[in-house]
Amino acid sequence: MKHWLWVLFIVVLCVSCLVGATAINPLQMSPVERNILLDLRVPRVLFSAVIGAMLGLSGSVYQLTLKNPLADSFTTGAASSAALGAILAIALGAPSALVPVFALATGIAGLTLVYRLSITAGFINPVTMILAGIVMNIVASAVISFSKYYFEESISSIVFWLMGGFFIVGWGRLTVCSVVFLLIYLFFRQRALQLNLLALDEYSAQTMGVDVHRLRSLAFVAATLLVGIAVSYTGIIGFVGLIVPHIARSLFGSDMRRNLLYSSLLGALLLVSADTVARVIIPGGAELPVGIITALLGGIFFLYLLQTRRERFWHG
Amino acid sequence: MADLQVENLHFNRGDFSLHIESLWVKSGEKIAVMGENGCGKSTLLQLLCGLLTPDAGTISYSGTDLTMVPMPKRAELFSLLPQVAEVIFPFSVYEVVLFGRFPHCTANCFSAEDEEQSLYLLERLDLLELKDRHFNQLSGGEQRRTMLARVLNQQTQIIYMDEPNASLDIRHTMDIFRLLTLRSETLISSVHDINLAHRFFDRFLFLKQGVLLADVIRNDVTPELLAETYNVQVTIGTAAFEFQR
């Protein structure tokens, strides 16, 4: 099963590199096609894979630390508040290297607000959390739209920020994302056993020697760093982090020692596939923002989770 | 082994306040904490575990103040079975019990010894057939026993339990109380069933509205004391079922 998943991933990567506005036959490439493949397709496919892995990993950590099966960067409001920060940074004329820093700061602020609203006496109310996340999304989207009208010139399209897409890709960004992803993956991997204990109630975890508040705060910052960087480069791509941790859990169990890896892998697989579809679905070479596809999949999955977990949701 | 010493403990939360003048627990004692709902039993256990911060007073283990004991050391010193224990996501019974070994494991993984010990406890608590089931699919009593196994798996010198027999049937209750009281660890547990507590425990703390009403050994538990603690009339008689195991 594990091997097949890796094989599938490699196959999807290769196929994704070859299809698009112009299909490329790797055995008979013209110089132009070779350039398209190496300068555009390959970095883009790798970029979507890394972003997918970042979103999958952050979703896995959010769901566990917030004790909420519906949590991901989008439903917690972290992604939209990070987008808000990125847009403010651009509007204020900050250098582009600082944009992810702004995104991280507002992302953490948004997430903290949602977390504070939903926790009472050590118990996180899952329903309040989702409601607070939705409100966060609405407010952030409103401010983003306002900024777009106010700073007409400097901000790229609203569609980019709210729907997400891989419109600007380069080896530089790809390197930044890969390094950050790898570092944060290792950070979580080293704490996988402790993270597992967060699945228990706070008192049990604490008396087993886990500093719950410290670990949760660290996890929030690290996961939101992934989201902040992903959002500054690709806009809000929702629901990848919602779907893949559940699939990883049902395939390989809930143990975070495996879930971290397979959430990342499945996130990459999902986003590469979604991006491939986004590139070919509109006839004539136009591109769909990839967030539309993930939102469609994610929305249906969200309904499915609500249906199957309804009982437990309302009765704790 | 660790002694527990509490001096002049004060804790306030809203209208509720808890005050313990002085409490000294020697290693290996089996203590039942008794009292009405809301009298401060759970709060006391949480204070002793450092989950709540007292407003005044000291809690010390073998002479070391609790605030000076780092988190991982605490997990070797004492364990807690909270009143409500939950697990999110489908973890198996075996995995949950194995989690109890966390304070003893190094390098991010469990040793063969940890696994052996977990299997032993699963068998001891009558859970071996359930070991691969998901925790959340179990009945309330089975979940309780899983959590008990998790706590015992931690192998600490002091065990705190908040109503360990809640939702357990009489047979498992008696098995578990016998198991707990025959072990060498210090046991401090809140219990609602007075007859059961009287049978298995040596020392009794009676709490009433946040105040330690009495701290007595088994022979000194009188109907008058119970009447005062619980605001009920108490008589000694045999008009009840007797259970042996």
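Is Arg44(A) buried or exposed? Keep that in mind for a moment. This is a predicted model. Everything I say today is computed from it.

Now the answer. Arg44(A) has a relative accessibility of 9%. The cut-off for buried is under 20%. So Arg44(A) counts as buried.

Who does Arg44(A) pair with? Glu287(A). The two form a salt bridge, and their closest N and O atoms are 3.0 Å apart. Now look at where they sit. Glu287(A) is in the loop between H12 and H13 of chain A, while Arg44(A) is in helix H2 of chain A. They are 243 residues apart, so this pair links distant parts of the chain. Glu287(A) is partly exposed, at 34% relative accessibility.

Why would such residues pair at all? Side chains of opposite charge can pair when their charged atoms come close.

There is more around this pair. Arg44(A) and Glu287(A) belong to a network of salt bridges that also takes in Asp275(A) and Arg279(A).

How many salt bridges does the whole structure have? Over all chains, the search finds 14. Let me show you two others. In chain A, Arg257(A) bridges to Asp255(A), with the closest N and O atoms 2.8 Å apart. Arg257(A) is partly exposed, with 23% relative accessible area. Asp255(A) is buried, at 4%. In chain B, Asp132(B) bridges to Lys131(B), and here the closest N and O atoms are 3.5 Å apart. Asp132(B) is exposed, at 59% relative accessibility. Lys131(B) is partly exposed, at 25%.

Next, the interface. How many residues of each chain take part? On chain A, 33 residues are in contact with 29 residues of chain B. Together the two chains bury about 2,700 Å², and 65% of that is on carbon and sulfur atoms.

What holds charge to charge across this boundary? Between chain A and chain B the count is one salt bridge. Its partners are Glu86(B) and Lys67(A), whose closest N and O atoms are 3.9 Å apart. There are also six residue pairs in polar contact across the interface.

Several helices of chain A each supply at least two residues to the side that touches chain B, among them H2, H7 and H13. Which one gives the largest share? That is H8(A), with five residues. By class, this side of chain A has eleven nonpolar, eleven polar and eleven charged residues.

Back to helix H2 of chain A. Ala53(A) is in that helix too. Ala53(A) is buried, with a relative accessible area of 6%. Leaving aside neighbours within four places in sequence, Ala53(A) is in contact with Phe181(A), Ser264(A), Gly267(A) and Ala268(A).

Now a glycine. Gly235(A) sits in the loop between helix H10 and H11 of chain A. Is Gly235(A) buried or exposed? It is buried, with a relative accessible area of 2%. Again leaving aside neighbours within four places, Gly235(A) is in contact with Phe160(A), Trp161(A), Gly164(A) and Ala230(A). The C-alpha atoms of Gly235(A) and Ala82(A) are separated by 9.3 Å, although these residues are 153 apart along the chain.

On to helix H11 of chain A, where we find His246(A). His246(A) is buried, at 9% relative accessible area. A polar atom of the His246(A) side chain lies 2.7 Å from the backbone oxygen of Pro69(A).

Over to chain B. Look at helix H8, residues 223-230. Which residues of H8 are buried? They are Leu225(B), Leu226(B), Thr229(B) and Tyr230(B). Seen down the axis of H8(B), the buried residues fall within an arc of 110 degrees, so they line one face of the helix. What covers them? The cover includes strand E3, helix H7, strand E9 and strand E10 of chain B.

Last topic: positive phi in chain B. Just after H8(B), Asn231(B) takes a positive phi of about 55 degrees. Ser167(B) has one of about 60 degrees, although it is not a glycine. Ser167(B) is in the loop between strand E7 and helix H6, and it counts as exposed, at 52% relative accessibility. Gln209(B) is not a glycine either, and its positive phi is about 45 degrees. Find Gln209(B) in the loop between E9 and E10 of chain B. Gln209(B) is exposed, with a relative accessible area of 61%.

Technical notes. Residues are numbered from 1 along each chain as its sequence is written. Chains are lettered from A and ligands numbered from 1 in the order in which they are written. This is a predicted model: local features need pLDDT of at least 70, side-chain atom pairs count only at pLDDT 80 or more; totals for chains, interfaces and linings use all residues. Side-chain values use heavy atoms; hydrogens and water are left out. Contact means heavy atoms within 4.5 Å. Buried area is the accessible area (1.4 Å probe) that two parts lose on being put together, summed over both. A salt bridge is a side-chain nitrogen of Lys or Arg within 4 Å of a carboxyl oxygen of Asp or Glu. A polar contact is a pair of N or O atoms within 3.5 Å; within protein, one must be able to donate a hydrogen and the other to accept it, and residues adjacent in sequence count only if both atoms are side-chain atoms. Helices (H or I, at least four residues) and strands (E, at least two) are DSSP runs, numbered from the N terminus. Ala, Val, Leu, Ile, Met, Phe, Trp, Tyr, Cys and Pro count as nonpolar, Asp, Glu, Lys and Arg as charged, and the others, Gly among them, as polar. Buried means under 20% relative accessible area, exposed over 50%, partly exposed in between (1.4 Å probe, protein chains only). The arc is that of the directions from the helix axis to the C-beta atoms.
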